[in-house]
Every structure is written in structure tokens, then in C-alpha cells.
Amino acid sequence: MHRLLLEKEVKPHEARKPLLMDEPKQERKETVKPPRSFWRRKWTNLDKRVAYIILLVHILCIFAPFQFNWSAFWVAVALQIITGLFGMTVSYHRNLAHKSFKLPKWLEYLFAYCGVQALQGDPIDWVSTHRCHHQYVDTEKDPHSPMEGFWISHMLWLFDSYTLTNKVCPKYSSDLQKIERNMFVFFSKHGKPDNVGDLEKQSFYRFIHKTYILHPIALAIILYNIGGVPFLIWGMCVRIVVIFHSTFMVNSVCHIWGKQPWRTGDLSRNNWWVGLTSFGEGWHNNHHAFKYSARLGLEWWQIDAGWYVIKFLQVIGLATDVKLPSPSHMQNLAMDKPDDKNF
């Protein structure tokens, strides 16, 4: 049986407490349906904007071998850690989306701003989508469900803002033309989500939401002025593409291949190599079993860089109210014979 040294024990009945609302999950299907018609639909300005930017950073990566120098490489590595580990994993996912621990506001905002530079959307937009994913995981309402095909769950869902709106915030429509006129919006929906009120009431997150794309542009300008084209290609494009697909594989690969040691009622799986590339996010079945947990790598050998950062912050007194699963909750969800689909 799994054992942990617990900082804060969470009782089973507390683990199911929803962030805002929690509707019954639809019945899961064990087979993946063929992808729905995607290219024939009408593309909105938001869809085109997101597609152009993502395509651009991928194309520019072609020039990376010709613009290589060690300074540019190490800048990319450093920014990968700052924006991927501290920004996406520690801040966006575990701190903001799941409230797995608390930070002083100045540090919370600093880490969130690191996540802004990962080019995966502002905190309000990203957290609303992720909370919806957990509420309707692996059903038709899941924003990036593998039921609709691997590539839909991996990244094509980003280019369908109408469908995303219907899944995440169908009851709260807003002015579509007003949204599309705002050229600084990125990864947005045609509506106002109702599951991120905790972030929307904070002026910092509202400001980032309205000015989002300006912040990565500012970083790109700074890198270019410091190190020219090599810093721009490696520090922005290569680094962003690596973070993109490390995150996207959690949505796609980790719902298809890997081990399932916990009875979660969905398709989430632990995948060790995704865990290595995503700072511990690949222990995805662990995460779906204990969404509130600040630690995703529950065994000593499950490498979880995000947890190491949070543990360090707790030791020095900056991270508080750190949540971990209780032994009784783990025993209730444990499988005697974990389901394993290779990888």
C-alpha cells in the first residue's frame, strides 16, 4: 500500500468538496470515437489568431539549429524552468486551479506571471478550462476529451472557441464582437466562465486577462535586444513549443497510455516519461484520484519536480495549508491490480 509522510491530512469526505460546482459525471465509454468534423466548421477570429501564433512558433523552430549557441540554449533551459515549472505546474495548476497550497500574494502573483510567459493563456482562461476538465472528465463536456480523437485532445481543441465556450461556459454568453475586437485576448472563449470567481475578483488577474498577449511580446523584445535572433528563437519559440507539447501530452497521452493504480472512474493514467517532461504532471491518475493534492508523484520513485518546489517553499515558511491525501482515502481508491496499457 502506498505510504506518504503527510504534512496535512485530508479526509475522504473533504476530498470531494468541489471548487465551485460539481455536477454528476456522465457515463464513461471505453472506446475512443473517430474525430468529429473539424476543418469544415467556421473559424472565428479567435481561432485564427490562436492558430497563427502557434503555427508561427513551430515554424520558427526550424531555424533553431542554424541559430544555436550555448548562451541561447541555456537561456531557453532557464526560461523553461521558470515558465514551465514555476509558472504552469506550481502556479497555474496546483496553486490556482486546485488550491493545493497557499502562498503570500506577492509570490502567488510572481509565479502566475511566470506562467503567463508560457503562452498557454491567462490564469482566468486556463484555470476555467482546467476546472471544467475535472468536472466533466472524459465525457462529451470535457474541453479536451480523448473520446473525440487523440489530436483533438492534444491540441486541436484550442482552435475551436465555439465548442470550448459551449463546454466551459454555455450559460454565460458575452459580446462576441467585443471579444474579437480585443487583439490582446488569447485562448479566450466567447463567454464568461462561472467557475473562476476567486480569480476574477482580483484586479491582477483581470489586468492580465485583458492585456495577455502583450506580456510574451514584451519578453520576446527583451530577449532579441539582449541576444539577437538566437535568443529569440531559443528563448521564445523552442522553449514555448517544448512546454506546449509537454502540457498537451498530459491531456492526450495520459488519458490513453500508462498505468491506472487508482479507481478514478475515468481514463486518466500515470505515464512516467510524460512525468519527466512535464515536471511531474504525468502522474495523472494520481492527480485525478486526489485532485487537491500538492504532490502528484505519490511514490518516492515518481519524480515530481513541482512537489519538490512546493515542499521547499513549505520548509522555508512560504507555502502553507499544503494538502496531501490521507491513508484512508488512498486505501479506498487503491486497485489491487492496477490497469496497465504499456508505456
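This is a predicted model: local features need pLDDT of at least 70, side-chain atom pairs count only at pLDDT 80 or more; totals for chains, interfaces and linings use all residues.
**Whole chain**

Start with the whole protein chain in view. Colour by secondary structure to pick out 15 helices and four strands. Of the 343 residues, 57% count as buried. Among contacts between residues at least 6 apart in sequence, 76% join residues at least 24 apart.

**Helices α3 and α4**

Select residues 70–97, which form helix α3, and residues 105–116, which form helix α4. Two packed helices are described by the angle between their axes and the distance between the axes. Here the angle is about 120° and the axes are 7 Å apart, which means that α3 is oblique to α4. The crossing of the two helices is left-handed.

Now show side chains where α3 meets α4. On the α3 side, the residues making the contact include I82, F86, M88, V90 and Y92. On the α4 side, they include E108, F111, C114 and V116.

**N286**

Move to residues 284–289, helix α13, and select N286 within this helix.

Display what surrounds N286. Beyond its neighbours within four places in sequence, N286 is in contact with P261, W262, N270, L296, G297, L298 and Q302. With which side chain does the side chain of N286 make a polar contact at 2.9 Å? The partner is the side chain of N270.

**Q302**

Select Q302 next, in the loop between α13 and α14, the latter spanning 305–315.

Draw the distance between the side chains of Q302 and N286: they make a polar contact at 3.0 Å. A polar atom of the Q302 side chain also lies 2.8 Å from the backbone nitrogen of L298. Leaving aside neighbours within four places in sequence, Q302 is in contact with N270, W283, N286, L296, G297 and Y308.

G282 and Q302 are 20 residues apart in sequence, and their C-alpha atoms are 9.5 Å apart in space. Keep N270 in view as well: N270 is in contact with N286 and with Q302.

Key:
Residues are numbered from 1 along each chain as its sequence is written. Side-chain values use heavy atoms; hydrogens and water are left out. A polar contact is a pair of N or O atoms within 3.5 Å; within protein, one must be able to donate a hydrogen and the other to accept it, and residues adjacent in sequence count only if both atoms are side-chain atoms. Contact means heavy atoms within 4.5 Å. Buried means under 20% relative accessible area, exposed over 50%, partly exposed in between (1.4 Å probe, protein chains only). Axes are lines fitted to C-alpha atoms, for helices over the stretch in contact, and angles run from 0 to 180 degrees between N-to-C directions. Angles under 35 degrees count as roughly parallel, over 145 as roughly antiparallel, 65 to 115 as roughly perpendicular and the rest as oblique. A crossing is left-handed if the near helix is turned anticlockwise from the far one by less than a right angle, and right-handed if clockwise.
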